[in-house]
Amino acid sequence: MSQTRKRFSTQVDAEIVSSIRAIAKQEGRQIQALVGEALADLIEKRKQARPRPQVMAAYLASHDKYGELYKKLAHE
């Protein structure tokens, strides 16, 4: 990931800000480091949530072949 930093602002629930401040203090870290870590974790989770191309291809092939059966089973 790039080491270039970009400033941005946002609003977060006051309870979340309080919790993140407490964690930063407890860990001896800056809030911006924790926010960066949290955003990087979110991005990674979203990337992993996508099916692998070969899995999606197998699903689509299966759906082409058994689509009508899937519809019938869904309505039972």
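**Buried and exposed**

Reply: Buried residues make up 4% of the 76 residues in this protein. Buried here means under 20% relative accessible area, exposed means over 50%, and partly exposed is in between, using a 1.4 Å probe and protein chains only.

Me: OK, and where does the model come from?

Reply: It's a predicted model, where local features need pLDDT of at least 70 and side-chain atom pairs count only at pLDDT 80 or more, while totals for chains, interfaces and linings use all residues. Residues are numbered from 1 along each chain as its sequence is written, and side-chain values use heavy atoms, with hydrogens and water left out.

Me: What is the secondary structure, then?

Reply: The protein has three helices and zero strands. Starting at the N terminus, the order of elements is α-α-α. Helices (H or I, at least four residues) and strands (E, at least two) are DSSP runs, numbered from the N terminus.

Me: What radius of gyration does the protein have?

Reply: The protein has 21 Å, whereas a compact globule of 76 residues would be near 11 Å. That radius is taken over C-alpha atoms, and the globule rule is 2.2 Å times the number of residues to the power 0.38. The C-alpha trace spans about 55 × 30 × 20 Å along its principal axes.

Me: And how much accessible surface is there?

Reply: About 7500 Å², with 55% of that belonging to carbon and sulfur atoms. The areas come from the Shrake-Rupley method with a 1.4 Å probe, and for residues only the protein chains shown count as cover.

Me: Switching to charges. How many positive and negative side chains are there?

Reply: There are 14 positive and 9 negative side chains, and the centres of the two sets lie 7 Å apart. Lys and Arg count as positive and Asp and Glu as negative, while His and the chain ends are not counted. Each charge is placed at NZ of Lys, CZ of Arg, CG of Asp or CD of Glu.

Me: How many salt bridges does a search of the whole structure find?

Reply: Three. A salt bridge is a side-chain nitrogen of Lys or Arg within 4 Å of a carboxyl oxygen of Asp or Glu.

Me: Which residue does E68 pair with?

Reply: E68 forms a salt bridge with K71, and their closest N and O atoms are 3.6 Å apart. Both sit in helix α3, three residues apart, which is about one turn of the helix. E68 is exposed because its relative accessible area is 52%, while K71 has 47% and so counts as partly exposed. Elsewhere, salt bridges that share partners join E27, R29 and E37 into one network.

Me: What are the distances in that one?

Reply: For R29 and E27, the closest N and O atoms are 3.2 Å apart. For E37 and R29, the N to O distance is 2.9 Å.

Me: New topic: how many aromatic pairs does the structure hold?

Reply: One aromatic pair. The ring centres of Y66 and Y70 are 6.4 Å apart and their planes are at 45°, so the pair is tilted. The rule is that rings of Phe, Tyr and Trp (its six-membered ring) pair if their centres lie within 6.5 Å; planes under 30 degrees apart count as stacked, over 60 as edge-to-face and the rest as tilted.

Me: Why are Y66 and Y70 about one helical turn apart?

Reply: Because they are four residues apart in helix α3. Y66 is partly exposed, with 37% relative accessible area, and Y70 is partly exposed with 33%.

Me: Last one, where is Q54?

Reply: Q54 is in helix α3, which covers residues 53–74. With 52% relative accessibility, Q54 counts as exposed. From Q54 to D64 is 10 residues in sequence and 15 Å in space, C-alpha to C-alpha.
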